[in-house]
Structures are given as structure tokens and as C-alpha cells.
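Let's walk through this model together, one region at a time. Have the viewer open as you read.

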Amino acid sequence: MARSRDYGSRRRYSYLCGYHHQRGRTVCVNGLEAPMDTSDDAVLASTEHDLLRPEIVERAIELAIDELRPDGDTLNQRRGDVLAEIHRLDKELSHLTSAIASGGDLPALLAALKERQASRERCERALIELAATARIGQHELSRLEREIRHRLADWRTMLRREVPEAREILRNLIVGRIVFTPRPETRLYEFSGRGSLGRLLAGTASPVSVVTPAGRESSYRGPL
């Protein structure tokens, strides 16, 4: 949890264990506090150094572009799989419609019908995306790559410029939670976490404004 205290004419903020602060040492003996500004700087620096380092960024861009550049056989296979799924859903929808007309368990049948209809709509969108992907040329891929690089550069800048913006970027970068582990012998915290560029790149650009590149993950840790 976060807490603020007055130090003379200044107010300082820190992170500390909520169990210890609210319930006492019998619940948690960890009374170590971490200054908020130091903690934020350490997490941002580690994220920038370990997750946004050039080799990881380059690999993420490569994966994002590859998602938009599958070969013809792969596209045909994906399209065939989606069409097969649509055929299966159409049969199930037909059976469900007949069951509803026959007076079956109406709430359960309607719920199943709604689920199948939603799945079919997703398949139809997938077909549209595949068709758009097949029309992408090298010029368009080059433009998309420039756009991705520009956005990544903007994220790097925002990580250091504004804390609220940095927090929003971290919410998309971090997979799970950042874990702070107290080291009483040194009165320091060590933090660790996992990150992925996939969610930040998702939606950056594509022929139908949807890109879901494979996430490039990196683990990072560091003391405060």
C-alpha cells in the first residue's frame, strides 16, 4: 500500500506492507518501507533497460510484422480451419433452432444459441482479417514497421516524462504483478516481474486495425 507522511514542510510518499501497517507484527513482521520516488524510478529504469532494450524490441517488431506476412499455404490453412468451424457452428445453430421450436429447455437453449452466434461472428471477422492480410504488399509492411518503431520510441519517452502515463504503459507491459521482496539484512527491497510487448503492439496497425503479435517476454529484477 502507499502512505504519505509529513517531514517538516514536505510530504513524502512510500510503499509498505498493508498487512503489517493495518494488522501489526503478529500478522506480518515486514515493517520495511520503500520511498515511492525511488521505487518508481527503479521499476521504470529496469523496464526500460531489460524489456525495452534494442534486441528485444527488434525481435518484437519482427514477430509483429511476421504476423502480417504469413505465406500463402499458411493463409489457406487458416482460412480452411475457419470455414470448417463456421460449417460446424451452422449445424449446431440449426439443431438448436429446431430444439427451441420443439419446446425444449428454453433458457439453456437460448444461452447455447447466443454462444454459437457469437462464435460464428468471430469466425466471420477472422475471415475478413485473413482476406485483408492476403492483400498486404511490401510497401504497406514497411509503413507498418515505421509506425511500430515510432510508437515504441514514444513509449520510451513517456516512461520518463509523466508518471501517470508511465503507469499506464506498465499496466500493458507487465504480465501479472511486480513482486517486492524485503531483504531485512540490508534494509532493501528486491523486485521482480515478467513483461511482454505483445499488448502494447496489439492494435498498432494492420489492414483491419487489429494486430495480435506473439508476445515477446522478458523477466527483470533489481534491488531498490
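This is a predicted model: local features need pLDDT of at least 70, side-chain atom pairs count only at pLDDT 80 or more; totals for chains, interfaces and linings use all residues.

Residues are numbered from 1 along each chain as its sequence is written, and side-chain values use heavy atoms, with hydrogens and water left out.

The largest nonpolar core has 25 residues, and Ile61, Ile65, Ile148, Leu152, Leu159, Ile169 and Leu197 touch the most other members. Such a core is a set of buried Ala, Val, Leu, Ile, Met, Phe, Trp, Tyr and Cys residues joined through side-chain atoms within 4.5 Å, where buried means under 20% relative accessible area with a 1.4 Å probe, protein chains only. Helices α2, α3 (54–67), α6 (138–161) and α7 (163–173) each supply at least two residues of this core, and α6 gives the most, with seven. Helices here are DSSP runs (H or I, at least four residues), and strands are runs of E of at least two, numbered from the N terminus.

Now look at α2, where Asp50 lies. Asp50 is buried but has no salt bridge; Arg53, the nearest side chain of opposite charge, is 4.2 Å away. A salt bridge needs a side-chain nitrogen of Lys or Arg within 4 Å of a carboxyl oxygen of Asp or Glu; Lys and Arg count as positive, Asp and Glu as negative, while His and the chain ends are not counted.

Finally, Arg187 sits in the loop between β4 (174–183) and β5 (188–196). Arg187 has a positive phi of about 55° although it is not a glycine.

Terms used:
Buried means under 20% relative accessible area, exposed over 50%, partly exposed in between (1.4 Å probe, protein chains only).
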